[in-house]
Amino acid sequence: MNTNPAGNGEFGQRPATSGPIVPKTASEALRPEAGTPPPKRSRASRSQVVVFMNFVISSVMLMVLAAGVAVYFGKQEFTEPGPSANGDTFLVKPNTGVQDIADQLERRGLVSDARIFRLGVRAFGNDSALKAGEYEIKPRASMRDIMELLKSGKSVMYSLTVPEGLTVEQALQRIAGETALSGDMPATIPPEGSLATDTLRFTRGATRQQMVDKLLADQKKLVDDVWQRRAPDLPLANVEEFVTLASIVEKETGKGDERSRVAAVFLNRLAKGMRLQSDPTIIYGLFGGKGKPADRPIYQSDIQKQTPYNTYLINGLPPTPIANPGRAALEAVANPSKTDDLYFVADGTGGHVFAATLEEHNENVARYRALQKKQADDAAKAANTTGAVDSNVDKPADGGPADSADDSGDAGAAQ
């Protein structure tokens with residue numbers, strides 16, 4: 001066995017070297033030798049393009065992550081209850097953009113962040129779907145609730161009512177005083193009797209001219225429709241006379257079951273050439289479209305005042321209507337009751353008593369005046385009043401004013 005420690009390939013044998021052995025000092029022998037160097041980087045890995053692309057990808061990933069977080073929390077805020085504890089009305093004017101709407105909502109305290117509302121609306125594809133109008137926003141409404149409301153167009157609705165029997169001037173006063181309407185009143189007053197008696201529904205911002213135009217158009221259509229279905233033997237020359245008589249019927253009674261009979265009385269009198277003797281025509285002749293003051297009765301002396309409308313003094317119909325007639329009055333004149341009545345007088349309960357003869361009518365008038373006297377005496381006793389009455393004082397005709405449902409409706413009582 002070879003025990004030579006210097007032998008090649010044997011235990012403890014030093015490998016052969018090609019050069020001379022250089023002796024080392026103790027410090028050099030203890031110094032660590034350099035390890036294996038790392039592999040050199042490739043030329044591609046050192047490219048500026050690659051470095052930039054790595055930066056871009058990292059930035060994009062961070063942005064996507066940040067956007068995801070923003071979308072999540074933005075969606076939460078878009079759908080959670082809003083900041084307004086009481087709610088409010090909110091007006092969107094025509095041609096208002098989403099940004100302006102969002103800013104106004106934030107200023108009014110109806111949304112917490114205008115930017116989130118704007119982005120939410122656009123994310124749902126409703127950028128151009130929000131409609132003009134006035135909206136009732138409920139308390140704690142979320143941004144999404146508000147978006148859906150503005151998208152629906154369900155605006156707050158207002159009402160304008162023109163009752164039967166108002167004059168055109170009185171109806172225009174109502175339109176002018178409606179604060180939810182905009183714009184000026186018409187420059188010219190429409191003809192008497194030409195406005196529909198109706199309730200109009202509208203949204204804030206509608207114009208006063210639109211309301212007048214609507215009432216004019218509706219009344220013309222109604223009058224034409226009813227006139228086409230009139231009885232064939234009416235003593236009326238044209239549609240203008242038809243509306244005029246309907247306006248008198250409208251002012252004479254407010255009871256629906258009486259209108260056709262009141263209309264028959266006037267039509268019968270026209271057919272016989274008798275004067276209409278309608279108290280409301282006296283009122284219109286004295287006060288015009290402004291109407292009679294509520295505390296002003298018709299006096300006996302008023303019956304003798306000459307005006308173009310006083311049917312106690314003129315023959316036939318007055319020159320124009322005296323009010324805006326409603327459908328019921330128009331229908332009553334177009335198709336009146338078939339009666340021989342020529343007279344009617346108030347019965348003291350809001351209605352009228354009808355008669356075909358003057359004798360019967362005078363009896364009805366006497367009963368009505370006796371009832372008035374009794375009511376006056378009872379009132380005087382209740383008030384504990386005394387004193388003589390001057391017989392020369394101008395007294396109210398038939399003891400009281402002639403309003404639409406409480407007038408004497410003499411139609412011949414004056415003899």
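Predicted model: local features only at pLDDT ≥ 70, side-chain atom pairs only at ≥ 80, totals over all residues.

Residues are numbered from 1 along each chain as its sequence is written, and side-chain values use heavy atoms, with hydrogens and water left out.

For helix H6 (residues 168-176) and helix H7 (residues 208-228), I noted axes that come within 10 Å and cross at roughly 145°. I then listed the contacts (heavy atoms within 4.5 Å): Leu-172, Ile-175 and Ala-176 of H6 meet Arg-208, Met-211, Val-212 and Leu-215 of H7. By class, this contact has 6 nonpolar, no polar and 1 charged residues.

Next I turned to helix H8 (residues 239-252) and helix H11 (residues 327-334), which pack at an angle of about 115° with their axes 8 Å apart; their crossing is right-handed. From H8, Phe-242, Leu-245, Ala-246, Val-249 and Glu-250 meet Ala-329, Leu-330, Val-333 and Ala-334 of H11, a contact with 8 nonpolar, no polar and 1 charged residues.

Last, I asked which residues of helix H3 (residues 98-107) are buried (under 20% relative accessible area, 1.4 Å probe, protein chains only). I found Val-98, Ile-101, Ala-102 and Leu-105; they cover an arc of only 100° around the axis, so they lie on the same side of H3. These buried residues pack against strand S1 (88-92), helix H4 (114-123), strand S2 (133-137) and helix H5 (143-152). Just after H3, I noted that Gly-109 takes a positive phi of about 75°.

Terms used. Axes fitted to C-alpha atoms, helices over the stretch in contact; angles between N-to-C directions. Helix = DSSP H or I, 4+ residues; strand = E, 2+ residues; numbered from the N terminus. Left-handed = near helix turned anticlockwise from the far one by under 90°. Nonpolar A, V, L, I, M, F, W, Y, C, P; charged D, E, K, R; others polar. Buried < 20%, exposed > 50% of the residue type's maximum accessible area, 1.4 Å probe, protein only. Arc of directions from axis to C-beta.
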